[in-house]
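Please examine the model shown below, and keep it in view while reading. The paragraphs that follow it lead through its parts in turn.

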Amino acid sequence: MSNTPIDFIDLKSQYRELKTSIDHRIQAVLDHGQYIMGPEVGELEDKLAAFVGGGECITVASGTEALLIALMVLGIKNGDEVITSPYTFAATAEVVALVGATPVFVDVEPDTCNIDARLIEAAITKRTRAIMPVSLYGQAPDMDDINTIAGKHNLAVIDDAAQSFGGTYKDRRSCSLSTIGCTSFFPSKPLGCYGDGGAIFTKDAALAKAMREIRVHGQERRYHHTRVGVGGRMDSIQCAVVLAKLERFDWELTRREEIAQRYIRSLSGSNVVTPPVIRSDRTSAWAQFTVQVERRDQIIKSLNDTGVPTAIHYPVPLHLQPAYRDICRVSGNLVNSEHIAGRVLSLPMHPYLSEVTQDMIVSRLLTSAVSA
Ligand SMILES: *Cc1c(COP(=O)(O)O)cnc(C)c1O
């Protein structure tokens, strides 16, 4: 057992389980040869839209591209401000900077690591155009509160749901919770393809039509460009992979939940490891299982030395990153973001994690945390 490497995310076991279906789906694309905008694209968009509870789905080249197209369709530009979390993957703020707008960072809650909705209103100025919350680790933030604030100030809400596809908030699916929801099918996300991919969700038909055009160079019809767009399509083979994985996705979400609850139970007695917190009105897609610890470096070293892979999501908040510190605006202070950046530690999490392996991870974590 100790000689078997532990995977942080096990895509090989998933492929073994789904091989017949994935191979068949990819072969179908090779046979029909429509690699771009083939029939898999529309089929996947219909299935994903139904999965999140209606509206429209537009598949795109990546999660980053989804966020960029969302900002473009809203006409967000130079001089505008977008309120978001500093405690996220760089892509969230990157797209705001790419359209020339200013990312405005509001601090996060210390337990969920999601944007603190109570701090958003103080960050709004005449220049604010949108709020871009992030559903970090798979859990939505306080979306009702965020939508209420947005409604009052006439702002759009773009949910960066790259990590949360499959999660729920008050029995509604992630990606259906705001003006526009954006997700990613990067291989390690809860629903991943075998390359880059992403999707945009909205119930606004006019926005959906415009985003479909932006996705293909702003074409209303072939060689008739009514707006500036991007080359942002998701290819047929990647759509085929997601279609195959979708067959097993509900089962995988259940497994993720069982594994996460088992982790939480086995860590609950510890006073050196703080398990993640999920609010009672939502479920996580468990993109990451992220605990908080003191003396993280020593714990990581001893876990890695005994063959347990770990990751840090994220070691430096964006307002302290060289690319963003001079172009962002900080609202209030970001003490929670700075504090948790030194404490978070992600453990192996995937639907194929066995109980034996999980017990070993927990016991090595608790041993190293106590002796650290
Ligand atoms: C993964 C991720 C993205 C970007 O998705 P890509 O498909 O890799 O472009 C954006 N935001 C967050 C929070 C992410 O985790």
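The account below turns to the domains, then to the interface between them, and then to the sheets.

The model is predicted: local features need pLDDT of at least 70 and side-chain atom pairs count only at pLDDT 80 or more, while totals for chains, interfaces and linings use all residues. Residues are numbered from 1 along each chain as its sequence is written, and side-chain values use heavy atoms, with hydrogens and water left out.

The domain assignment, which comes from an automatic or database source, divides the protein into domain 1 (11-246) and domain 2 (249-371). Their C-alpha centres are 24 Å apart. To the contact (heavy atoms within 4.5 Å), domain 1 contributes 49 residues and domain 2 contributes 38 residues.

The size of an interface is often given as the accessible area lost when the parts come together. Here the buried area (accessible area, 1.4 Å probe, that two parts lose on being put together, summed over both) is about 3,800 Å², with 54% given by carbon and sulfur atoms. Of the area that domain 1 buries against domain 2, 20% is supplied by Tyr87, Phe105 and Tyr137, more than any other three residues.

Between the two domains there are 5 salt bridges, a salt bridge being a side-chain nitrogen of Lys or Arg within 4 Å of a carboxyl oxygen of Asp or Glu. Arg173 and Asp250 form a salt bridge through their side chains, at 3.9 Å from N to O.

Which elements give two or more residues to the side of domain 1 that touches domain 2? They are helices H1 (11-32), H4 (91-98) and H7 (236-246), together with strands E3 (102-105) and E6 (168-169); helices (H or I, at least four residues) and strands (E, at least two) are DSSP runs, numbered from the N terminus. E3 gives the most, with 4 residues.

The strands pair into sheets, where pairing requires at least two bridges found by DSSP between two strands. E6 and E7 are joined by 2 bridges, and Thr168 has Arg173 in E7 as its bridge partner.

E1 pairs with E9 (residues 198-202) in the antiparallel sense over 5 bridges, and Glu56 has Thr202 in E9 as its bridge partner.
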